[in-house]
Amino acid sequence: SCDVYGNVNVQKIKENQKCKPISSYGKNKLLTEKCIKEYLKDEKTKYLILRIFNIIGADINIVKENFLKKNDLLSNLISSYKNNKIFKLYGYDLKTDDGSCVRDYISIQKFVQIVKKLILKIHLINSSTINIGSSFGISNLGMINKVERNFKIKIVYKKLKKRKKDPTYFCPLYTSHAADHPLRLDLGGRRTLKKPPPHPPP
């Protein structure tokens, strides 16, 4: 989980970033990582530790009530609109393009593709710790604008001060662009994950 990083003061988080988890969840995940590495350090068994950022979306067949119960920004925005509630936007005067926090999102479909690819080529790579995300951030206000545009709705939100535990930026950066980076290989050794196109203005 990306929660192992804690509140870091960098725009793009590398896998070698020093971890300072804040939540109990993040602390437990970091402890689990250390146990895996210690237990398998002298073994031939390989491991892949995936530090997953925000997964959004759902299978087309998922029950919508279950989707709205998820605790992520997209689900919370739609849930606020559906229930006629004011959405609480934490952070509005930060040093970002629009003043709101910036987060990384990856679709569930893309996440599944990446995990499948890693499993299929496990024999080609060494044990690794890998950030899983789009490596491309979108601000909270940008997400609100996208939801309003795509669903043709109006989100009513209230601007509040950023909570201390919330980082301004929280996006991954893959440390290596070398040919052997786990997320840049397919089974034939070609680069497969391309840099995303520039994000259009909200």
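## Helix H3 and its ends

Helices are DSSP runs of H or I with at least four residues, numbered from the N terminus. This report describes a predicted model. Helix H3 covers residues 73-82, and it is largely enclosed by the rest of the structure because 7 of its 10 residues are buried. The buried residues are Leu73, Leu74, Ser75, Leu77, Ile78, Ser79 and Ser80.

After H3 comes Asn84, which has a positive phi, near 55 degrees.

## Aromatic rings

The protein has 2 aromatic pairs. In one of them, the ring centres of Phe53 and Phe170 are 5.4 Å apart and the planes meet at 45 degrees, so this pair counts as tilted.

Phe53 sits in the loop between strand S1 (48-52) and strand S2 (54-56), while Phe170 belongs to strand S8 (residues 169-170), so the pair ties together parts that are 117 residues apart in sequence. Both Phe53 and Phe170 are buried. Together with Tyr5, these two residues form one aromatic cluster.

Another ring, that of Tyr90, has a charged residue over its face. This residue is Arg163, at 3.9 Å from the ring centre.

Ser100 is found in the loop between strand S3 (87-90) and strand S4 (102-107). Its relative accessible area is 0%, so Ser100 is buried, the cut-off being under 20%.

The side chain of Ser100 has a polar contact with the side chain of Asp98, at 2.8 Å. The Ser100 side chain also reaches the backbone nitrogen of Asn140, at 3.4 Å. Apart from neighbours within four places in sequence, the contacts of Ser100 are Gly91, Leu94, Ser139, Asn140 and Leu141.

## Confidence in the model

The protein has a mean pLDDT of 80, and 79% of its residues reach 70 or more. In residues 175-180, however, the pLDDT is below 50, and the model gives this stretch 11 contacts beyond near neighbours in sequence. Residues 185-202 also stay under 50. For residues 185-202 the model has 30 contacts beyond four places in sequence.

Technical notes. Residues numbered from 1 in each chain as written. Heavy atoms only, no water. pLDDT = per-residue confidence, 0-100. Contact = heavy atoms within 4.5 Å. Buried < 20%, exposed > 50% of the residue type's maximum accessible area, 1.4 Å probe, protein only. Helix = DSSP H or I, 4+ residues; strand = E, 2+ residues; numbered from the N terminus. Phe/Tyr/Trp six-rings, centres within 6.5 Å; stacked < 30°, edge-to-face > 60°. Lys NZ or Arg CZ within 6 Å of the ring centre and 35° of its normal. Polar contact = N/O pair within 3.5 Å; in protein donor to acceptor, adjacent residues only side chain to side chain.
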